[in-house]
Each structure stands twice: as C-alpha cells, then as structure tokens.
Amino acid sequence: MKRYTYIIIAILLFGCSANEKLPGYKQVNYVEILPTDSEEEIIRKAANVTPSERQLAWQKMELTAFVCFGINSFTDKEWGDGKEDPQLFNPESLDAGQWVKTCKNAGMKLVILTAKHHDGFCLWPSKYTEHSVINSPWKNGKGDVVQELATACRNQGMKLGIYLSPWDRNSAYYGTDEYNDYFVNQLTELLTNYGDVSEVWFDGACGEGPNGKKQIYDWQRYYKTVRRLQPKAVIAVMGPDVRWVGTETGYGRDTEWSVVPVSIQDEDKIAARSQQMAGTFNPEIDAMSKDLGSRKKLFGSQRLVWYPSEVDVSIRPGWFYHGSQDLLVKTPEKLVDIYYSSVGKNSLLLLNLPPDKRGLIHENDIKSLMGMRQILDETFRVNLTDKARIKHLSQSEAKSLIDDDYDSYWIAKEESTTIEIILDGEKTFDRILLQENIALGQRVERFKLEAKIKGNWEQIAEGTTIGYKRLLRMPETTSDRVRLTILKSRANPALSKFGLYKSPDGI
Ligand code: FUL
C-alpha cells in the first residue's frame, strides 16, 4: 500500500490528528520563549511541553515510600551532628522484606532509602569512609542495608530509590573540593552495585560541615553521574526531573501545573541538556510559591519546562522513628485526606514510613497505612461510569474515556467542550476522577461538573487543573446523567479517564 493510503486509513480510523499535535508545534520537554512571541503563541508552546520518558514512568507510580532510617533512629534525633558512635547502630531484627511487603500491600511502587542522612553515617559499607555500618555491631560490621533493600525490592517486584544527603556533618572533606569527589564516589557505589535505581533524591537541607565550612556543590557533576550510571532514574527535589511541592504537610496546590517557567541565565543549565542529553539543569524555582504555572507566570518568562510536583510527608510527626511518637501516627482518615490532596491534585505522594530500632516498620504505622488502603480500595473498586454512554461520542471514544487504560484517551474537537454522560440507571456518587493524557502535555485550566437532578442541571463540582490525576470530593449526589464541561484549556483537552465513585461513609 502507498504511504498516502495508510495516512487516509489512519485519519478515518482515529479522526483528524490535527487536534492532537498542533500543527507547527513539536512536543518537547522544554521550550524557549522568544521576546517576539505573542501570548497565544506562549500558551501554545506551554501546551506542547511534555514529560520525558522517565518523568512519565515516575508519575504513573502515584504512590511511593520513603524509609528514613539511620543513626538518628537510635539517638532519638531528627538531625545528627556527625559525631555519633557507629556502635549505636544495631537493628537486630532488621527485615527489609517486611518494609517492602508493607509498601507493596499499600499500593506503593517504589521505596527510597536514606542511604546517608545529614549525619554522614552510611547504611552501606562505603569504601570511602569509616563512618558506616562497617563499624557497627549489626551483623558484626558485615551488614549492608542498601543491599538488603535492593534484594527485597527485586524479589517483590518493587522499584528502588536512593536518598543521599549532600549535606554531610561528618566528612572531614566537607567544605572543600575533595568533598565533591567523595560525594561522587559514594554516588557511584550506590548507583553501580545495587541494580536498577529509579529515583535519586537530593535533599535541599544544607548547613555547615564539621569544620564550620559550607560546601559548594558540583550539581552538574552529580547529575551527569546519575545520567551516566542510571539513565532511567529521575533526580528529585534538588534535581531537574521532579520538583518539591513546597511543604512537608502532605497537601499540594489546588492548581498544580507540571509546566513551569524557569529563568536560567547560564546556557549550561538548560533543561534540554538534562532531560534529553547529559543532565545539567539546576532548578532555579521558588518551590514554595503559590502560583507556579498560571498564564500570568508564563507570559514574560524565558523558558518553560516539564517539572512535576512530589509531595513528601511522614506518617509520623518526625521523619525518623521516635518511640514517643508511637501514638501520634497519622490516622487512616488523615492519610486518605493527604492522598486526595496530593495524588488527587496532580502530584506524586512520597509517604515516609520510618523503621524503628528493631529495624521494622512499627505495627501502628502498618495499621494506619492498611486502613488508608482499605478506604481507597472500597472507594475506587466500582467505577459508576463503567456502563455509561456518552452523548455525541462514538462507542470507542467513550470507551477510551471510561476504561482503565491510561494510554487510551479521548481528544475533544474544541478547546472548551461539554460532554453528557448517561449512566446505566440512577447512581449515587461523591467522588470524581479525571485524568489528562500528559504524554500530550497538560492542557485543562478550568472545568465543572453538573448533574441532572429532578429535571434540572445543577453544578456539583468545579476545578482548575487536572494534569495526570484530579480527584474531587463532593456531597453525595444521586442522578442518572452528568455533564462535564471544560471551560478553559491551553489546547484541545485529551482526557484519559473520567470516573464517578462512592466513598464509604464520606471518608
Ligand atoms: C528534609 C530533611 O532535613 C529531613 O531530615 C528529611 O530527610 C526530609 C525528607 O527532608 O529536608
């Protein structure tokens, strides 16, 4: 068959693709804004900024775990000063298999371990320091926590992440050029000896070293090391792929844009190099700002980049285990609230489960976590739009909007659009799920939902951004017809999923 015939068949089968890939616009991970660009042009460019492969895979995990563990777990501190005696580290019942099983049962996909926290104590036998498990009584100095976690993850089909604190209050090199060598050597050990690593977490917390000096970090060298050794890993927080949401409360923004402006003076730091080539973009962004990606922010900016948000929060008040906090573990209801406010607001949730002195995740933490899982499972088990018809959409278009396949999506013919969903009889619901296909970018700016109640259309929910996932909670509604209107969008909305659900007892 001739090429044209294929194209014509493709158009007949899938509709005109002009809506999808806007003519003249390439989908890119970052884009330059020219001084001559009109506002319309800038919006078009923003709508065509898309995640890199590693960012997309990361976003799809939704729920991940932090395991903050180390010398602090034995000294009852949050930040050690680097002078702790390694002899204190002795988690006699350490079972990384229990950590991974707990996380897996809760629906998490990846576990990030604090291989070295600010105190400089290494949970693996690094060749480059004595301040590590080698000098602890645990397994007579022959243990390796990173290895145990890597093996448990591999055995249970979970992904591994590494937290390596740039701030080191123990190393004598800290504050000198040698420290950058020391750090890269440690990073190299961690990214070479333990198989696949999917996320590398560089903390922003930073203070003085043991000699009172501050370190000038060679970020570009750190990023290049990660890209070279683990090209599929995202670099989080003090890195180019994943942005800190800006709080440690578990609550993300109502309006969360994954496309944000970055003002970068130095050509060396352009995101393109980071995402598409070697890796040298240093995020110069105010993560705590209320508005990061509105139209107002885009206009007048220099470059736009895909830089999605991660919400990190601990299941307890502290990041490390403290016996005094055993009764202060967040309740299942609180964790569910956090889930709606993070995963449900276009972020990924990184929930910390700190093992105790035994080296186990505490029973109270497991109970709360599984309580959360049970509520979420009960809520999202039945999608009430499952057997729905959608007015004006073909059966296959409707299916791609309702089914669970994220990669199948419906693309609207116009930027603002309304669809009417005819349910399979009257249903009672109080939760809405919406997903954009972010492989095509983040587009929707404002939407509303109405239900037909006693013959009249009544607004039951509204929102701004959708992004990868948007969950909305609302009072119980009973109806057989709902109407979704996309009020404003940066390009034709491409929706992967629309679902209606009923929570147990409004939780
Ligand atoms: C913060 C650190 O200072 C905490 O100790 C913890 O590691 C948390 C994940 O990040 O910046």
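**Rings and their partners**

Guide: Let's start with Phe-183, which counts as buried because its relative accessibility is 0%, and the cut-off for buried is under 20%. Keep in mind that this is a predicted model. Tyr-222 also has 0% relative accessibility, so Tyr-222 counts as buried by that rule too. Both belong to one aromatic cluster, together with Tyr-173, Tyr-174, Tyr-179, Tyr-182, Phe-202, Tyr-217, Trp-219 and Tyr-223.

Now let's look at rings in pairs. The structure holds 28 aromatic pairs. One of them joins Phe-74 and Phe-89, with 5.2 Å from centre to centre and 65 degrees between the planes, which is edge-to-face. Planes over 60 degrees apart get that label. Phe-74 belongs to helix α4 (residues 72-75), while Phe-89 sits in the loop between α4 and α5, so the pair ties together parts 15 residues apart in sequence. Phe-74 and Phe-89 are both buried.

Back to Phe-183 and Tyr-222: their ring centres are 4.5 Å apart and their planes meet at 40 degrees, so this pair is tilted. Phe-183 is in helix α7 (residues 177-192) and Tyr-222 is in helix α8 (residues 219-229), so here the parts tied together are 39 residues apart in sequence.

Methods:
Residues numbered from 1 in each chain as written. Predicted model: local features only at pLDDT ≥ 70, side-chain atom pairs only at ≥ 80, totals over all residues. Heavy atoms only, no water. Phe/Tyr/Trp six-rings, centres within 6.5 Å; stacked < 30°, edge-to-face > 60°. Helix = DSSP H or I, 4+ residues; strand = E, 2+ residues; numbered from the N terminus. Buried < 20%, exposed > 50% of the residue type's maximum accessible area, 1.4 Å probe, protein only.
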